[in-house]
Structures are given as C-alpha cells and as structure tokens.
Amino acid sequence: MKIRALDRAYLVLYALITALLFLCGAAWSAYTLLGFSQPFIPVPLPTQYQIVMLGVCLLLLVLGLHLLFLRRAREPKTLQIKSSEAGAIVMSVEALDALVTRTARKCQQLTDVKTRVLPGQDGVIIRLKVLLRPDVVIPEVTAALQADVKDSIETLAGVHVSGVQIFVDNPPPSAAPRVE
C-alpha cells in the first residue's frame, strides 16, 4: 500500500495533534498528581480519570505514529503463463524483467538499458529506457530492438507481448576536459 502525499500530510498532522494532547495531558496529570492547585480546571478530576486520559492520549500517539510509518509488504506480481488439467505455470514479473534486460543488452548499439514489465489483460507491455551509442540510426536500432525483445519474450517465456515501448534517453553530460 503506497500512501499518497496528502494522506501522509494528514497522518503527520494527526501525529502532531496527538503528541500535543499527550504532552498536555502528561503535564496536567503530573501537575495535579504532585498536589499543586488546578487554576485552569474549575472541577478537579479523580486520579483514576487522569490516568485513563493519559493512557488514551498515549494510545492515540502510538496509533498515529504507527499509521504514519506503516508500509505493507508488496506481494510479488506474477503472470500465469499456462494453465492445464495438471496445474498452472506462473512466472514472476521480476523474472520476466530480468529476461527482458538480458535480451535487450545483447544489442551492440546500446550503452545502457532500464526495463519495466507491466502486466495487462491481453499480455504484457514492456517499457525500455535506453541510451544509444553516438552515430547510430535510431529508427533502425529501436525497431530491431522492439522486434528482438518481443520475439524473445514470446518464445522463451510463452507470454504474449502487447507492445514494446522504447524511450531513447540522452546520455549524461560528460565532464569537459580541463585546459591548463
């Protein structure tokens, strides 16, 4: 479960308000338990109610902090490759992603590749972010890469590939040589 930024802000606000209530309750309880007068409270409460209020404030603080930092473990995504009477064959998306990366790295014109496999209703969509060597014909290289990745994944994994999307990225700027 990924917590959105607005939800995280609400949880931070909740934790701060709860912490403030806890500190006020603790100060008030300590103040009254030590036997000082209560000028800001017209009717004094018995000690047992003060302890219960302090416990409730502490519980709210712990609950708020727990919700703030709660992260649910991600379940590994899987793809069903084949199903028969004998059972099903399932492959993890991570394994398919590794296969895509290995296939794409075979292309000699690439300097770097990052892959992402997105499961869909009618197969998978493969996204590649590539850095190419200088002076290559981009349409030819990317078309060959698309065909190679699609054929390889459909043959090796038995998964239908709905599409191969390629984003050609700019290489990071190299440091300019210093002139002395």
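**View 1. Surface and overall make-up of the protein.** The accessible surface of this predicted model comes to about 13200 Å². Carbon and sulfur atoms account for 62% of that surface. Of the 180 residues in the protein, 26% are buried. The secondary structure consists of four helices and five strands, which follow one another along the sequence as α-α-β-β-α-β-β-α-β. Among contacts with a separation of 6 or more, 50% are between residues 24 or more positions apart.

**View 2. The hairpin of strands S3 and S4.** Strands S3 and S4 run antiparallel and are joined by ten bridges. Two residues lie between S3 and S4 in this hairpin. One of the bridges pairs Val 117 with Ile 126 of S4.

View 3. Ile 126 has Val 164 of S5 as its bridge partner.

**View 4. The largest nonpolar core.** This core has 24 residues. Leu 96, Ile 126, Leu 128, Val 149 and Ile 153 have the most contacts inside the core. Two or more core residues come from each of helix H3 (93-104), strand S3 (110-120), strand S4 (123-132), helix H4 (138-156) and strand S5 (161-168). Leaving aside residues up to four places away in sequence, Ile 153 touches Leu 96, Leu 99, Val 100, Ile 126, Gly 158, Val 159 and Val 161.

**View 5. The salt bridge between Asp 169 and Lys 129.** The structure holds two salt bridges. In the one between Asp 169 and Lys 129, the closest N and O atoms are 3.6 Å apart. This pair links distant parts of the chain, 40 residues apart: Asp 169 is in the segment after S5, and Lys 129 is in strand S4. With a relative accessible area of 28%, Asp 169 is partly exposed; Lys 129 is also partly exposed, at 37%.

**View 6. The salt bridge between Glu 154 and Lys 150.** The side chains of Glu 154 and Lys 150 meet in a salt bridge, at 4.0 Å from N to O. Both residues belong to helix H4, where Glu 154 and Lys 150 are four residues apart, about one turn of the helix. Glu 154 has a relative accessible area of 27% and therefore counts as partly exposed, and Lys 150 is partly exposed at 29%.

Key: Residues are numbered from 1 along each chain as its sequence is written. This is a predicted model: local features need pLDDT of at least 70, side-chain atom pairs count only at pLDDT 80 or more; totals for chains, interfaces and linings use all residues. Side-chain values use heavy atoms; hydrogens and water are left out. A nonpolar core is a set of buried Ala, Val, Leu, Ile, Met, Phe, Trp, Tyr and Cys residues joined through side-chain atoms within 4.5 Å. Buried means under 20% relative accessible area, exposed over 50%, partly exposed in between (1.4 Å probe, protein chains only). Contact means heavy atoms within 4.5 Å. Two strands pair if DSSP finds at least two bridges between them. Accessible areas come from the Shrake-Rupley method with a 1.4 Å probe; for residues, only the protein chains shown count as cover.
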